[in-house]
Amino acid sequence: MAWCPKCENEYIKGITVCADCGTELVESLEEYKRQKAALEEKEAAFEEMEEESVEETAQDEQQEGEGAPDGNEQKWTKAYRNSAQKAEENKSSAYTLLFVGVLGFVAVVLILLGIIPLYQNSSTTKYLICGVMGVLFLLFIIFGIVSMRTFKILSVQAKSEDTLLEEITKWCQENLTAEMIDNGLLGMEEMLEEQKYFRRADKMKKMIRDKFMNLDEEFLDHFVDDYYQNLFEA
């Protein structure tokens, strides 16, 4: 026999579709109900897990925004270091590595020559330790030279970056205003400040990208965040 799971009507063998509702028949009504109940139970558990995940995500976002300015304004921006800052870091590292490397290497040579009487007798230990320390200080010198070369490269990039920053700032001053950015963007709906920030920032980024091609994303994010404050928080 066959059964309609919807109407629960019984049909003779050979019929596959319910004549009343068009539902496909099943062999056992009890088995169908058992499988349906198990499926509904799994779906309910899955929905509960999704709700818990959404609540946890909302709590995490709220905690991340507790330290935001004005109490409720959240802005997620990557920590940005421009080329000038990177250049200064490499310069400082280069001077430190070169100073330590040269001073240590000279000391090792003086010990080997016996000018610094650290070892009274020539021994395998003396040459072994001096050899290891000499290689170490030589590596310091090499890393210092590499850092100095990187500093020079970044210094050139910093000048280009400053020029680009001036061009973008000038263009924004001439073409971007708070009223123009908000025009047709926010509508009449109520929004939180962070929602307004994201919409405005996305529009600003798009307009700047259309004018200045191939901009670094971290550079653009940092610039828009700073310029946003001049427009809307001044």
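Which residues in H6 are buried? I started my notebook with that one, keeping in mind that this is a predicted model.

**Entry 1: helix H6.** I went through H6 and found Phe219, Leu220, Asp221, Phe223, Val224, Asp225, Tyr227 and Tyr228 buried. Then I looked up what covers them, and H3 and H5 are part of the answer. I also checked the length: H6 has 16 residues and reaches 22 Å from its first C-alpha to its last, close to the 22 Å expected. At the start of the helix, I spotted a side-chain oxygen of Asp216 within 3.1 Å of the backbone nitrogen of Glu218.

**Entry 2: the core.** Next I looked up the largest nonpolar core, which has 18 residues. Ile168, Cys172, Ile208, Leu215, Phe223 and Val224 have the most contacts inside it. H3 (124-175), H5 (193-211) and H6 (217-232) each supply at least two residues of this core. H6 gives the most, with six.

Leaving aside neighbours within four places in sequence, Cys172 is in contact with Ile208, Phe223 and Tyr227.

**Entry 3: Ser83.** Is Ser83 buried or exposed? I got a relative accessible area of 9%, and the cut-off for buried is under 20%, so Ser83 counts as buried. Ser83 is found in helix H2, residues 83-113. Not counting residues up to four places away in sequence, Ser83 touches Leu154, Gln157, Ala158 and Glu161. With Glu161 there is also a polar contact of 3.2 Å between the two side chains.

Definitions and conventions
Residues numbered from 1 in each chain as written. Predicted model: local features only at pLDDT ≥ 70, side-chain atom pairs only at ≥ 80, totals over all residues. Heavy atoms only, no water. Core = buried A, V, L, I, M, F, W, Y, C linked by side-chain atoms within 4.5 Å. Buried < 20%, exposed > 50% of the residue type's maximum accessible area, 1.4 Å probe, protein only. Helix = DSSP H or I, 4+ residues; strand = E, 2+ residues; numbered from the N terminus. Contact = heavy atoms within 4.5 Å. Expected span 1.5 Å × (residues − 1). Polar contact = N/O pair within 3.5 Å; in protein donor to acceptor, adjacent residues only side chain to side chain.
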